[in-house]
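This report describes a single protein chain.

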Amino acid sequence: MKMSKLFAPTLKENPADAEVISHKLMLRAGMIRKLTSGVYSYLPLGYRSLRKVEQIIREEMDAAGAQEVFLPAVQPSELWKESGRWEVYGPELLRFKDRHDRECCFGPTHEEVITDLVRRDVRSYRDLPLNLYQIQTKFRDEMRPRFGLMRGREFIMKDAYSFDATEDGAEAAYKKMWDAYGRIFSRCGLLFRPVEADSGPIGGSFSHEFMVPAATGEDMIVSCDTCDYAANMEKAEIRPCDPSDHKVPGTRKKVATPGMTSIEQVSEYLKVAPETLIKTLIVRTEAGSVAVLLRGDHELNEVKVRNLLRVADLELADEWTIEEVTGGPLGFSGPIGLKADTVIADQAIRGLTSVVVGGNEADVHIMDVNPNTDFRVDRYGDLRCAVQGDPCPRCHGTLRLDRGIEVGHVFKLGVKYSTAMDATFLDSDGAEKHMIMGCYGIGVSRTIAAAIEQNHDDDGIIFPPPIAPFSAIVTPVGARDTEIEETAERVYRDLWAQGIDALLDDRDERPGVKFKDADLIGVPFRITVGKKALAQGKVELRDRQTRETELIEVSEIVAEVRRSLENWKPIPR
């Protein structure tokens with residue numbers, strides 16, 4: 001491809017509505033353009049990267065024994081009602097009716113469709129195991145789509161689904177996909193880490209996310225500094241530790257705290273540490289009102305609370321509910337005398353003495369409260385978000401927090417969908433059993449954005465060669481010099497002849513403009529053909545990642561580019 005013909009409208013400045021690096025650079029590099037909120041068009045450079053990621057995925061899925069299918073994007077509501085997700089999936093599910101007034105949705109995922117497909121034709125254990133995958137456009141009606149391809153409404157995803165007759169077979173399928181994911185992200189040139197994760201609305205017994213560490217990531221990776229434990233923030237466990245509070249229990253007393261509604265305000269006003277306060281959060285669930293008690297310096301983990309209570313919906317209560325449950329106004333809630341249906345407390349509360357709590361009346365807190373005697377707790381559990389330095393749940397190490405981007409997720413579904421949708425088979429004894437399922441997703445478009453978040457500098461994108469739109473760019477510099485132009489054309493054609501996809505920057509532009517565009521779009525290797533080097537029979541080869549340049553004989557340049565591509569390795573940034 002020649003740059004003079006390439007549709008790649010680059011931008012000199014960052015678009016005003018672009019927030020994260022990948023969004024800014026993909027717009028500036030002419031890879032994508034916004035159509036509407038959370039929906040993007042892929043221009044040639046962006047689509048070439050997308051196709052390269054897809055090809056790597058297909059090769060590894062096929063090698064792992066999965067078979068490619070293509071499923072309908074529009075799905076009837078009957079399937080979702082059968083699985084029980086039509087009511088609980090939430091507003092992200094784009095629901096609509098066709099001209100016959102039949103309810104449908106645009107698929108955000110395909111568990112229902114694939115289960116329906118398999119249950120129609122799989123009858124015997126001899127038909128199992130089975131693993132089917134697709135690469136397709138999904139739609140999730142995000143309330144606040146942001147960050148370009150990182151969190152759009154419309155996105156491209158690879159989703160695979162395994163069906164097995166036995167638990168051992170399901171475990172083997174999970175492991176096979178785990179291994180395949182490792183190969184996929186390695187081949188994409190990414191530094192990544194698998195972490196334990198919550199299964200969320202997909203469901204199932206356990207799952208793992210594949211996270212790309214990046215300073216600008218919106219997710220948090222929690223990992224141990226000693227062992228290999230790693231989880232996302234929603235799932236990260238915290239080992240209970242012995243309480244450090246050895247104070248002699250006091251006699252509780254009310255104190256005036258005029259206008260002090262936050263932990264920071266109360267701790268400063270009363271001259272006490274935040275960890276000696278208990279905050280009382282009132283939440284509403286389908287099972288009723290719940291009071292959640294946390295240490296003052298800790299933050300609520302809603303996923304853990306939902307899982308402990310086994311509820312689907314959880315939201316902070318409004319002012320009227322708070323007053324009904326506590327008897328006092330918002331900002332002064334405490335655990336004494338609550339009318340909540342359930343009271344749960346984080347395990348860090350256990351064993352504390354002489355703490356400060358809200359007084360359940362305006363401008364009042366209570367000091368020297370003792371959790372073991374002064375209020376009820378129906379259940380203790382791990383309910384908070386991990387913080388730097390927390391004890392590891394697996395060893396005696398401590399936890400650290402790093403930012404990351406989720407690019408893949410593998411789930412052990414078990415019989416959640418096969419039971420709900422009656423997907424059965426006959427085993428070797430003729431008994432009817434439910435198929436054991438797994439599902440495995442990769443954000444194809446997000447993988448490109450994650451690669452950019454992990455690999456960029458002030459000049460633009462630093463694409464890993466396996467997913468770069470082009471592997472090399474040939475840049476002739478000189479005022480219409482015939483020898484330079486002919487050499488550049490020859491090198492360009494020789495690269496293509498050897499299977500190396502290359503660009504030829506044949507534009508009538510200054511060298512600085514050409515160099516800036518090459519850096520912006522992230523081409524891994526730049527070959528500069530100039531008068532001075534050519535007089536020695538050489539051209540300049542520049543590595544975009546290391547910024548190193550060297551002079552190479554014209555006759556050796558194609559072989560050297562090939563060697564450089566084969567030996568390329570990601571550098572942690």
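## Helix 7

Helix 7 spans residues 302-309, and its buried residues are Val303, Lys304, Val305 and Leu308. Buried here means under 20% relative accessible area, exposed over 50%, and partly exposed in between (1.4 Å probe, protein chains only). Helices (H or I, at least four residues) and strands (E, at least two) are DSSP runs, numbered from the N terminus. The model is predicted: local features need pLDDT of at least 70, side-chain atom pairs count only at pLDDT 80 or more, and totals for chains, interfaces and linings use all residues. Residues are numbered from 1 along each chain as its sequence is written, and side-chain values use heavy atoms, with hydrogens and water left out.

The buried residues of helix 7 pack against strand 15 (288-295), strand 16 (314-316), strand 17 (342-346) and strand 20 (379-381). At the start of helix 7, the backbone nitrogen of Val303 has a side-chain oxygen of Asn301 within 3.2 Å. Just after the helix, Arg310 has a positive phi of about 60°.

## The chain as a whole

The protein chain contains 15 helices and 31 strands. Its C-alpha atoms fill a box of roughly 95 × 70 × 50 Å along the principal axes. Of its 573 residues, 54% count as buried. Among contacts (heavy atoms within 4.5 Å) with a separation of 6 or more, 69% are between residues 24 or more positions apart.

## Gln545

Gln545 sits in the loop between strand 30 (538-543) and strand 31 (549-553). Gln545 counts as buried because its relative accessibility is 9%. A polar atom of the Gln545 side chain lies 3.2 Å from the backbone nitrogen of Ile571. Leaving aside neighbours within four places in sequence, Gln545 is in contact with Ile462, Trp568, Lys569, Pro570, Ile571 and Arg573.

## Salt bridges

A salt bridge is a side-chain nitrogen of Lys or Arg within 4 Å of a carboxyl oxygen of Asp or Glu. By this rule the model has 53 salt bridges. One of them joins the side chains of Arg58 and Glu54, at 3.6 Å from N to O. Both residues belong to helix 2 (residues 44-63) and are 4 residues apart, about one turn of the helix. Arg58 is partly exposed, at 24% relative accessibility, whereas Glu54 is buried, at 8%.

A salt bridge also pairs Glu59 with Arg187, with 2.6 Å between the closest N and O atoms. This pair links distant parts of the chain, with Glu59 in helix 2 and Arg187 in helix 5 (residues 167-187), 128 residues apart. Glu59 is partly exposed at 34% relative accessibility, and Arg187 is partly exposed with a relative accessible area of 33%.

The side chains of Glu167 and Lys412 form a salt bridge at 3.1 Å, N to O. Glu167 is in helix 5 and Lys412 is in strand 21 (residues 399-414), so the pair ties together parts 245 residues apart in sequence. Glu167 is partly exposed at 45% relative accessibility, whereas Lys412 is buried with a relative accessible area of 5%.

Methods: Polar contact = N/O pair within 3.5 Å; in protein donor to acceptor, adjacent residues only side chain to side chain.
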